[in-house]
Amino acid sequence: MSESTQVTAATTPEPAPAKKGKVPLSEGKRAERRLGLWLIAPAAIVMIAVTGYPILYSIWLSLERYDLHFPDQQKFIGLANYGAVLSNGYWWTAYGVTMFITIVSVIIELVLGMVLALIMHRTLVGRGLVRTVTLIPYGIVTVVAAFSWYFAWNTDSGYLVGSESAPLTSTWPSIFIIILAEVWKTTPFMALLLMAGLALVPEDLLKAASMDGANAWQRFTKVMVPVMKPAILVALLFRTLDAFRIFDNIYVLTTGQNDTSSVSMQTYNNLLKGLNLGIGSTMAVLIFISVAIIAFIFIKVFGTSAPGSDDGGKR
Amino acid sequence: MSVDIDQVTDNTKPAPPARTTGRVPSGAGKKVKWALIDILVVAYALIPVLWILSLSFKTADGLNDKSFFPKEWTWKNYQDIFKTNEFVSALVNSIGIALISTIIAVVLGTMAAYAVARLDFPGKKALVGVSLLIAMFPQVSLVSPLFNIERNIGLFDTWPGLILPYITFALPLAIYTLSAFFREIPWELEKAAKMDGATPAQAFRKVIAPLAAPGVFTTAILVFIFCWNDFLFAISLTSTTSSRTVPAALSFFTGASQFEAPNGTISAAAVIITIPIILFVLFFQRRIVAGLTSGAVKG
């Protein structure tokens, strides 16, 4: 052991001058840089090749008239596709539905997730059991869960509906069933992130607060929440962006009928049903911009406690 | 884990006298209360799963009886799906594509995460930033361009056509989780082993690999679950049984005969692809929780 401390003591002075920068790098430092770049190269190349180039290509396609039914009419038409999409009622309905589902389900997930996190953190019996079963909704294939809800609410087979009502054929009941399916599936993930935050709350602090006469609610809002804030923000950001991309549940539950389409559904339909690459790409770009705006707002509002800031930088 | 429990009991014991609410729950009463809450949580998590399981065992006549449990049990749905090429090839595709994607993503992710956690080099922040961007990227935005690109270069409806986007979206997850694990490894041990005369290869094999293995394994599980669950790419970038995975194939099921509602067979297929998830969860619960939370919460 003493040997190892000697070694670290001997090596630590070395990086210090190198970090100061402009002075010529030592051979070891340069080797480290080269190794680092070689190690990240494959991952970086794959990630950029599969996302960077396609998104640029997508922007290009969005400026073209490009319908695979009429491939010879392919033509550069500037922003006309954007005009067509942005003046289209279906697009804005889908946008509204997506926003509504995102906001409502994330709020419910936050509340339920917090409850679930407290249960998993505090329960005196069956802690392992509770943690194990809550991972099932997280892990289960979304389409499978969606089919379970579909059969449960389906008029023919469902244990949740009578024979007269058909909730999946009208707009609002469908939307709430979609939200239910979404909440069921993703609350455990939220709860796990929040539980990691709960583990950071020092017990002493809670004890001290209750000595000072704080009741359970005060201990929660005044002690736990402030300490957990970074964890809450990470969970909210990830879930909001994820909910905005909602596709699987809607596809299975309603296939987007009765005005229950999300923006992802609309894009998919225009692309693979309509085979209209120009319009599909325009929607893809608009979704990309929306997500970027959401992420930007989160990070601006909540500052540097955003994810990846551990040493990832101040973005 | 045991520390946690000690803390909780420690914390709750002195509390009752301090508060004068009168109702002092006995240890046993408290346990009963928690047991009831636990049962609620278990029911929450399991009811949809049990429902699809129940449907998969119902007979064709019983499918529409609206009862939560089958009145008559049958294996017919399972026998039926394994007779259809549709399901069997989808299952092979699912397993193959998810495994290959997982292996590649974990290997590339391990290399990158090691560099991020251990080495000092320019471009590190850029890599972390790019991974974060991709983790938040709306996947549907990639579907349109990838659809056209893959059609043009012949990757549409092939295994690599799905494996590539899966690797891409799994990499951020792998890099985050693994670099969080790698930061925890006491790397001085490697130097100590070398001082004691181990060769670099021995130091890696005997000291570092055993310490890193749990993290790599956990990451592999998370990545596999991600690939196994994907629906959007699977349904957009495939068109035949040659590469369609089970989640996508489910929505094309027509039932054993053309005139039968496919509900029973869909349920049976759904149960089959849920089994690996249940096994992972049962055996590796602690690791999955650690893996999910390590990357995300660093303050």
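Buried means under 20% relative accessible area, exposed means over 50%, and partly exposed lies in between (1.4 Å probe, protein chains only). This is a predicted model, in which local features need pLDDT of at least 70 and side-chain atom pairs count only at pLDDT 80 or more, while totals for chains, interfaces and linings use all residues. Residues are numbered from 1 along each chain as its sequence is written, chains are lettered from A and ligands numbered from 1 in the order in which they are written, and side-chain values use heavy atoms, with hydrogens and water left out.

**Exercise 1.** Find the salt-bridge partners of Lys29(A), and describe where each pair sits.

*Solution.* 
1. Start with the criterion: a salt bridge is a side-chain nitrogen of Lys or Arg within 4 Å of a carboxyl oxygen of Asp or Glu.
2. Check the burial of the lysine: Lys29(A) has a relative accessible area of 13%, so this residue is buried.
3. Glu32(A) is one partner, with an N to O distance of 3.3 Å. Helices here are DSSP runs (H or I, at least four residues), and strands are E runs of at least two, numbered from the N terminus.
4. Asp120(B) also forms a salt bridge with Lys29(A), at 3.9 Å from N to O. This pair joins two chains, because Asp120(B) lies in the loop between α5 (85-118) and α6 (124-136) of chain B, and Lys29(A) lies in helix α3 of chain A.
5. Asp120(B) is partly exposed, at 33% relative accessible area.

**Exercise 2.** Work out which parts of chain A are linked by Arg239(A) and Glu182(A).

*Solution.* 
1. The closest N and O atoms of their salt bridge are 3.3 Å apart.
2. Arg239(A) belongs to helix α10 (residues 216-244) and Glu182(A) to helix α8 (residues 171-198), so distant parts of the chain, 57 residues apart, are linked.
3. Both ends are covered: Arg239(A) is buried at 1%, and Glu182(A) is buried at 8%.
4. Now widen the view: Glu109(A), Glu182(A), Arg239(A), Asp242(A) and Arg245(A) are linked in a network of salt bridges.

**Exercise 3.** How many salt bridges does the structure hold, and what share of chain A is buried?

*Solution.* 
1. Over all chains, the structure holds 9 salt bridges.
2. Chain A has 315 residues, of which 53% count as buried.
3. Its secondary structure comes to 13 helices and 2 strands.
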